[in-house]
Amino acid sequence: MWFAGDVSAGLIQKLIAMYDICCVGHITLDKVVTTQAVKHMAGGTSFYFSNAIRNMGVNYMLITALAETEIRFVDDLRAKGIKVDALPSTHTVNFENIYSENQDHRTQRVAQKADPFTPEQLTGTEAKVFHLGPLLADDMDLTLIKSLADRAKVSLDVQGYLREVRDQQVHAIDWPVKKAALQYIHTLKANEHETEVLTGSKNIHEGAKILAGWGVKEVVITLGSMGSVIYADGVFYTIPAFKPTAVIDATGCGDTYMAGYLYQRTKGADIQQAGEFAAAMASIKIAASGPFVGTEDEVVDFMQVKQAI
C-alpha cells in the first residue's frame, strides 16, 4: 500500500523510538497569492514545522495524512532526512492563502478537507513533546489531546480550532471545548486575534493570564512584525522581532517560530533565549518564499548581525 512505506523496518523503529519532538498535522496542497507572485506548493503547519526543524540537533518525527495523489510531498520530506509516518486520507487539504501588502494578514478558502486524526493512529509513537498543528476545527478531537497528554507534553498551534469551513470559505469561530482541552496543553501558540477569540480580551497580557488560568503552562502569543509575548509561571517575556532582509512570504512564519522555540526549549534553553531564537528564525523565513531551510548556526549568526526591531 502506498502509505505503508517500509512496513517492517519502519514499524519496528516507530514502536521503539522515543522522539524529542513529534509534530502531528496534515500536509496541504496550497495556492499562495502575494502581491509579487502566485505559487502552488505543499503547506500546512506540519510541512513548515518539519522543514524548519530538520537541520536542528533534535530527534524528530512527523505524523501526517494526505491522499495518494500528493504522496510526493512525503517523498520530498523523506529525501531531506525527515522521518514521516504518512497515514491514508480520502483527500488532501487544499488551502488558498491570499496576502495583501501587509503580510501580517491573509484571507483563506478551502477546496477540500482531509480525514481527521484519531488516537489509535498515534499508538506506538512516543515523544517528549507532541506538537499539534490542526488546520481545521475537526482535524483532532479532545480525546486525541487527552491521550497524548497522558504520555508527553503537548504543544498546540490553536489556529485550526478557530477555523470552520462553510461553502469552501474559512470562517472564524470559537473553540467550544477550549476549557476542557487547554488544561492538557503545556505550550500554546496563538496570535493576538486568536487570543481575543479564545478569551474575549483585546489585551494580550490579560488574555495570556486567562489562558494560563485554564491550565496552559507556556502561553506564546505571536504579534507578527511586532514580535511576541510569552507568559509562564506568572512572568511575561517580551520577545522582540528581528528586522528581515526582505518581506516576501509570511506563510509558515508561525510554524517556523514554534519549531525554533520548541527545539530550544527541548535542548534546555530558557524562555527568553528560546523566544529570541524563534523570532530570528521567523525573520529569516519571511525573506524568502517556501519553508525555512537554514541551520542553527545561521540563525545564531543572523541574531548577532541583526538588531531587534
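Modeller: Start with contact order, since this is a predicted model. Of the contacts between residues at least 6 apart in sequence, 65% join residues at least 24 apart. The protein holds 10 helices and 15 strands. Its radius of gyration is 18 Å, close to the 19 Å from the globule rule for 309 residues, so the protein is as compact as a globular protein of that length. The C-alpha trace spans about 50 × 45 × 45 Å along its principal axes.

Now the spot itself: aspartate 233. This residue sits in the loop between strand E14 (228-232) and strand E15 (235-239). Is aspartate 233 buried or exposed? Aspartate 233 is exposed: its relative accessible area is 79%, and the cut-off for exposed is over 50%. Across the protein, by contrast, buried residues make up 52% of the 309.

Next, surface and charge. The accessible surface comes to about 13,100 Å², with 52% of that belonging to carbon and sulfur atoms. There are 28 positive and 36 negative side chains. The centres of these two sets lie 2 Å apart.

Last, confidence. The average pLDDT is 91, and 92% of the residues score at least 70. Residues 1-9 stay under 50. For that stretch the model has 10 contacts beyond four places in sequence. Where pLDDT is low, predicted coordinates should not be read in detail.

Notes: Residues are numbered from 1 along each chain as its sequence is written. This is a predicted model: local features need pLDDT of at least 70, side-chain atom pairs count only at pLDDT 80 or more; totals for chains, interfaces and linings use all residues. Side-chain values use heavy atoms; hydrogens and water are left out. Helices (H or I, at least four residues) and strands (E, at least two) are DSSP runs, numbered from the N terminus. The radius of gyration is taken over C-alpha atoms; the globule rule is 2.2 Å times the number of residues to the power 0.38. Buried means under 20% relative accessible area, exposed over 50%, partly exposed in between (1.4 Å probe, protein chains only). Contact means heavy atoms within 4.5 Å. Accessible areas come from the Shrake-Rupley method with a 1.4 Å probe; for residues, only the protein chains shown count as cover. Lys and Arg count as positive and Asp and Glu as negative; His and the chain ends are not counted. The place of a charge is taken as NZ of Lys, CZ of Arg, CG of Asp or CD of Glu. pLDDT is the predictor's confidence in each residue, from 0 to 100.
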